[in-house]
Amino acid sequence: MKLVFLGPPGAGKGTIAALAKEYFHIPHISTGELFRSHIKQHTPLGLQVEAILGRGDLVSDDITVEMVRLRLGEADAQAGFILDGFPRTIAQADALKELTALDAVLNFALEEEVIITRLSGRRVCKSTGKIYHLLYNPPKRDGFDDETGELLIQRDDDRPEAIHNRLEVYQRQTYPLIEYYRSRGLLLDIDASGTPEEVFAAMRDALNS
Ligand code: AP5
């Protein structure tokens, strides 16, 4: 199954992908996670993109497409994948078309007010990438990862000014992809306002129908 997860920041793409990858036995490829991993390891790419992610702007298409091309070439991605956060521009979608065919594009839709609540309460474990929410999915021990016991962090781009910019960037550069994929018969709309289990079930139903 070759899937793209589309949707505004904070719609729950990463949360649903964590459930879907276990269910479908396919890798979850998040371009945001790939960039954050480069930043954490202080690679040349990480140094190049750190400020861009902090502001909530998009990394250039050339850099992003090349990173995805390399990742899709790895053995575990041959039978299928969940691409989360890619493509985010028409140019990236055109490039992806040249790399592989897709089975479906899931469009996770959510109102802006809820998005802001979800993003401002998000906490993550830096080493495992596990996603929590202060209200909706709190860790067992306040502030610490359930498995590793590490201190949870707030992403730099979950600060209010970066959230605002990310929403604008989404509207301007990524929103047009909804029509792009709808016109190609690949788009499935998913209401992302329920619990993660409800959203995941809606996604499974949409894929089966
Ligand atoms: P990326 O990491 O992809 O960020 P994003 O798209 O903004 O998405 P998020 O990770 O913020 O949200 P999500 O939808 O995964 O929500 P989550 O599941 O965490 O990208 C980061 C940056 O990298 C970009 O800004 C850009 O700079 C760069 N980049 C990445 N891809 C790029 C590309 N293709 N081109 C150029 N640049 C690129 O959930 C959010 C919160 O809500 C969590 O706390 C969670 O616990 C909670 N939650 C989730 N679902 C539910 C639910 N159903 N009910 C209640 N709470 C929920």
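Student: Let's begin with the whole fold. How many helices and strands does the protein have?

Tutor: Happy to! The predicted model has nine helices and seven strands. Along its principal axes, the C-alpha trace spans about 45 × 40 × 35 Å.

Student: Why does the radius of gyration agree with a compact globule?

Tutor: A compact globule of 209 residues would have a radius of gyration near 17 Å, and the protein has 16 Å, so the two agree.

Student: What share of the residues counts as buried, and what supplies the exposed area?

Tutor: Of the 209 residues, 44% count as buried. The protein exposes about 10,900 Å², with carbon and sulfur atoms supplying 53% of that area.

Student: And which share of the contacts joins residues at least 24 apart?

Tutor: Taking contacts between residues at least 6 apart in sequence, 68% join residues at least 24 apart.

Student: Which residues line the second largest pocket, and how do they divide by class?

Tutor: Here is the lining: Pro8, Asn107, Phe108, Ala109, Leu110, Glu112, Ile115, Leu167, Tyr170, Gln171, Tyr175 and Ile178. By class, nine are nonpolar, two are polar and one is charged.

Student: Let's turn to the loops. Where is the cis peptide bond?

Tutor: A cis peptide bond joins Phe86 and Pro87, with omega at about 0°. Pro87 sits in the loop between β3 and α5. Arg88 is also found in the loop between β3 (81-84) and α5 (90-99).

Student: Is Arg88 buried, exposed or partly exposed, and why?

Tutor: Arg88 counts as partly exposed because its relative accessibility is 29%, and that class runs between the cut-offs of 20% and 50%.

Student: Which residues does Arg88 touch beyond its neighbours in sequence?

Tutor: Leaving aside neighbours within four places in sequence, Arg88 is in contact with Thr31, Leu58, Gln173, Thr174 and Leu177. Take Gln173 as a case: Arg88 and Gln173 are 85 residues apart in sequence, yet their C-alpha atoms are 6.7 Å apart in space.

Student: Can we read Asp146 in the same way? Where does Asp146 lie?

Tutor: Asp146 lies in the loop between β6 (131-133) and α7. Asp146 counts as partly exposed because its relative accessibility is 31%. Beyond neighbours within four places in sequence, Asp146 is in contact with Lys130, Tyr132, Pro139, Lys140 and Arg141.

Student: Where do His25 and His42 lie, and are they buried or exposed?

Tutor: His25 lies in the loop between α1 (13-24) and β2 (28-30), and at 69% relative accessibility it counts as exposed. His42 lies in the loop between α2 (31-40) and α3 (44-55). With 60% relative accessibility, His42 counts as exposed, because the cut-off is over 50%.

Key:
Residues are numbered from 1 along each chain as its sequence is written. This is a predicted model: local features need pLDDT of at least 70, side-chain atom pairs count only at pLDDT 80 or more; totals for chains, interfaces and linings use all residues. Side-chain values use heavy atoms; hydrogens and water are left out. On a 1 Å grid over the protein atoms alone, a cavity is a set of points where a 1.4 Å probe fits but cannot get out, and a pocket is an open set with protein on both sides within 12 Å along at least five of seven lines; lining residues have an atom within 4 Å of a point. Ala, Val, Leu, Ile, Met, Phe, Trp, Tyr, Cys and Pro count as nonpolar, Asp, Glu, Lys and Arg as charged, and the others, Gly among them, as polar. Helices (H or I, at least four residues) and strands (E, at least two) are DSSP runs, numbered from the N terminus. The radius of gyration is taken over C-alpha atoms; the globule rule is 2.2 Å times the number of residues to the power 0.38. Buried means under 20% relative accessible area, exposed over 50%, partly exposed in between (1.4 Å probe, protein chains only). Contact means heavy atoms within 4.5 Å. Accessible areas come from the Shrake-Rupley method with a 1.4 Å probe; for residues, only the protein chains shown count as cover.
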